[in-house]
Amino acid sequence: MTMTTPSPTGRWRDAARAAGLLRADGTVAATIFAEMTALATRTGAINLGQGFPDVDGPHAIRQAAIRAIEAGHNQYPPGPGIRALRQAIADHQHRRYGLDVDPDTEVLVSTGATEALAATILALADPGDEVVTLEPFYDSYAACIALAGATHVTVPLLPSPDGFRLDVEALRTAVGPRTRLIVVNSPHNPTGTVLTPTELAEIAAAARASGAVVVTDEVYEHLTFDGARHVPIATLPGMAERTLTISSAGKTFSFTGWKVGWLHGPAELVTAVRTVKQFLTYSSGAPFQPAIAEALGDDVGPRALADSLATRRDLLCEGLVAAGFDVVVPQGTYFVVADGTPLGFDDGAELCRRLPDLAGVVGVPVSAFCRTPAPGASPDAPSDLAAHLVAGVRFTFVKREDVLRDAVGRLASLRRA
């Protein structure tokens, strides 16, 4: 008797397509991050593509997690997160931004910010709804919107002499009566832009006029440079009651593998998200939650990391310019976007795949953060924004200084090529 494997169906295909991973033959490709990391491993190139630190976070926080393990914090924590962490999140938001948050009804701990985003979109967006994001955007946004059956609408951040700036007219056109969610990411991955109060006010006005909920991804909130100031959109007039704010410990404390994230907002919205989240992971990170609760009381550590990153940012940006790239110096995050056009490369994806042989370095093409062609369109046709950024490459500077110096030295060979 011959057994056949049923062909899988469902929205997973839509999610893969939205993330640019569905091949013409119906198989699913690896993400660009996995592809570039594998390329770095195979070739021995320095991996400046995937954004994870190569040094663990502070010793004191690691010791707090060890103490929590020894104290028996090894079973399921409460679904919403332990009370100490929820209180620490509320205290952090009040101390830093003046936001009054109820730790019992308005805070939810998640398995990283990615789960918080996924649970939020699945909870609040339905088929027929529109979800507006900035573009470029982190790839999970498009996948989660597709899983919800909603329609993805984008508003570009356009290159300018002042960095990447919000296209306000496009925002006003994009947000309308079908808009259910507006997903905001600032400080922004991959461009490093920190949205200004004026730009945030435009988003807030559009949300209020349309009745949309704002979902704001603030995982890089502490990593800003040169006096740029992160302003949570929930602090703007009339926005606390329609904003879900998402952040995590991974970027702030350099513990990306701990996957401790959170969100806060109006109790009724948090309840809706918690209802979905409980059927995803339910809970996680038992010994890490007390450690992060302790860490959130320290405002000095995150600032020290940001100062160190600013030095490493300058080192990499100067090296990229010396190698022949055009560079937009980031105001936040730990990524920089470099344009390979001056070096004769008009396709960032092709350049990234050749960089290991050309210079022994790996980056990620910015086109991976842009919309894939609509069904029926030419597979080579980028979105309007991708046409501006098709030669762009994202590099990370969250690596040791000696690693970055080695990478800069290798990249110099591009100028001589």
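The questions and answers below take up a helix pair, the cavities and some backbone details.

Modeller: This is a predicted model, in which local features need pLDDT of at least 70 and side-chain atom pairs count only at pLDDT 80 or more, while totals for chains, interfaces and linings use all residues. Residues are numbered from 1 along each chain as its sequence is written, and side-chain values use heavy atoms, with hydrogens and water left out.

Colleague: Are the axes of α5 and α6 roughly parallel or roughly antiparallel?

Modeller: Helices are DSSP runs of H or I with at least four residues, strands are runs of E with at least two, and both are numbered from the N terminus. The axes, lines fitted to C-alpha atoms over the stretch in contact, with angles running from 0 to 180 degrees between N-to-C directions, come within 9 Å for α5 (residues 112–124) and α6 (residues 139–148) and cross at roughly 30°. Angles under 35 degrees count as roughly parallel, over 145 as roughly antiparallel, 65 to 115 as roughly perpendicular and the rest as oblique. The crossing angle therefore makes α5, relative to α6, roughly parallel.

Colleague: How many residues of the contact of α5 with α6 are nonpolar?

Modeller: Contact means heavy atoms within 4.5 Å, and the residues making it include Leu117 and Ile121 of α5 and Tyr141 and Ile145 of α6. Ala, Val, Leu, Ile, Met, Phe, Trp, Tyr, Cys and Pro count as nonpolar, Asp, Glu, Lys and Arg as charged, and the others, Gly among them, as polar. In this contact no residue is charged and two are polar, and the number of nonpolar ones is nine.

Colleague: Which strand gives the most to the lining of the largest cavity?

Modeller: A cavity is a set of points, on a 1 Å grid over the protein atoms alone, where a 1.4 Å probe fits but cannot get out, and its lining residues have an atom within 4 Å of a point. Among those lining the largest cavity are Val109, Ser110 and Thr111, and the lining divides into two nonpolar, eight polar and one charged. With three residues, the strand that gives the most is β2 (residues 107–111).

Colleague: Is the peptide bond from Asn189 to Pro190 cis or trans?

Modeller: Most peptide bonds are trans. Pro190 lies in the loop between β6 (179–185) and α8 (197–210). With omega near 20°, the bond from Asn189 to Pro190 is cis.

Key:
On a 1 Å grid over the protein atoms alone, a cavity is a set of points where a 1.4 Å probe fits but cannot get out, and a pocket is an open set with protein on both sides within 12 Å along at least five of seven lines; lining residues have an atom within 4 Å of a point.
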